Amino acid sequence: MYSVTHKRKIGIQVGCAAIDRKEIGVQCSHSTGSYGRRENETGHLTYDELLRNHLWTKDYAIEWLKEEKLLATNRICDICHSDMMLRDCSDRSDGYVWECRRQIGRKRHRTEKSIREGSWFEQSNLSIEEVVKFTYWWTQGLEQWQIKQQLGLGSHTAVDWDMFCRELCEVTLFENREKLGGPGKVVQIDESKIGKRKYHRGHVVEGQWVFGGIEEESRKCFIVCVDDRSEATLLKHIQDWIEPGTIIVSDCWKAYVNLDKYGYTHKTVNHSVEFVSSEGYDTNKQEGHWRQMKVNLPTHGRKKEHYSSYLAEFIWRYVNRGNDLFKIFLKDVARVYKLE
Ligand SMILES: [Zn+2]
């Protein structure tokens, strides 16, 4: 289950290998798509469909969320360890509660559990429908203030849920992490700086170095925040993320000079004289990735300790691009918040 401590353990590394979903998603939408359908040709769930098909009534919403494994379908009583009953409950905003009123010997006990316990919806003042709607707009790429406006939320609530969504991406990427490269595969690596740059007497006084790599033939990639660009620092991440035997392409930064000694085949592009090396290697894909990353990071209100979750959101959206991000997000939620 997701928790703050869980996240802490993850640290600041984000990356992902969940590229297969792209292929699966594309195949699914092709095989099930009907030619007659004019609206929503992509097979992506529209907001209208979400409201009409899933959130029509509270009962519909809860049944649907059970099917999606976002709410539990059964609960065990802590006292007698039998299955609890789902009961209508008008004094709870959810409208339902898990309950046990069995008798053991002469004594009858009564226990209750929220239908949200252990779920994505736990400990929120929002209604379950509001959380679903927030999640929907978030996956569609709306900015936090826009979602806040759409749903009439308080500022703190919107900030919190924006963060929960990013953290869900972070946990998902961490759980699916897989090394890049391998014999015969090419991985481009590079460093970059994100964050505000304040030039004061010629010095950059703010910002965060990030180090990243991307496979040439897939969307497998990683980005990590680093304190410096020393050989020791970067080598540690390279060994952490890239399989031995990989062809690594980089610029001529001095930290990379010994890569050949560590089981990699190292190729360089000298950016002061060329964009493609004489052997045909380049780092264009990684540089394009930096450009996209910078466009997608919010420009203000970003705290340094949140960089890793913003990077996780960026990578999550990148590896899942072209798919129905809402559906994928719900699957990721169900995987992270297991409700057995
Ligand atoms: Zn019981």
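1. **Basis.** This is a predicted model: local features need pLDDT of at least 70, side-chain atom pairs count only at pLDDT 80 or more, and totals for chains, interfaces and linings use all residues. Numbering starts from 1 along each chain as its sequence is written.

2. **Confidence.** pLDDT is the predictor's confidence in each residue, from 0 to 100. Its mean over the protein is 85. A value of 70 or more is reached by 83% of the residues. Residues 1-12 stay under 50. The model gives them 16 contacts beyond four places in sequence (contact: C-beta atoms, placed from the backbone, within 7 Å). Residues 16-39 are also below 50, with 30 contacts beyond near neighbours in sequence.

3. **Make-up.** The protein has 11 helices and 13 strands. These are DSSP runs numbered from the N terminus: H or I of at least four residues for helices, E of at least two for strands. Of the 340 residues, 28% are buried. Buried means 20 or more other C-beta atoms within 10 Å of the residue's own, exposed means 12 or fewer, and partly exposed lies in between; the C-beta atoms are placed from the backbone. Among contacts with a separation of 6 or more, 58% join residues 24 or more positions apart.

4. **Helices α5 and α11.** The axes of α5 (residues 128-139) and α11 (residues 325-336) come within 8 Å and cross at roughly 125 degrees. Axes are lines fitted to C-alpha atoms over the stretch in contact, and angles run from 0 to 180 degrees between N-to-C directions. The pair is therefore oblique (under 35 degrees is roughly parallel, over 145 roughly antiparallel, 65 to 115 roughly perpendicular, the rest oblique). T135, Y136 and T139 of α5 meet L325, F326 and F329 of α11. By class, that is 4 nonpolar, 2 polar and no charged residues (nonpolar: Ala, Val, Leu, Ile, Met, Phe, Trp, Tyr, Cys, Pro; charged: Asp, Glu, Lys, Arg; polar: the others, Gly among them).

5. **Positive phi.** Most residues other than glycine have a negative phi. K69 has phi near 65 degrees. K69 sits in the loop between α4 (58-67) and β2 (85-88). It is partly exposed, because 18 other C-beta atoms lie within 10 Å. Q123 has phi near 50 degrees. Its loop runs between β6 (111-114) and α5. With 8 C-beta neighbours inside 10 Å, Q123 is exposed.

6. **E287.** This residue belongs to helix α9 (residues 284-296). I189 is 98 residues away along the chain, yet the C-alpha atoms of E287 and I189 are separated by 9.0 Å.

Technical notes:
Contact = placed C-beta atoms within 7 Å.
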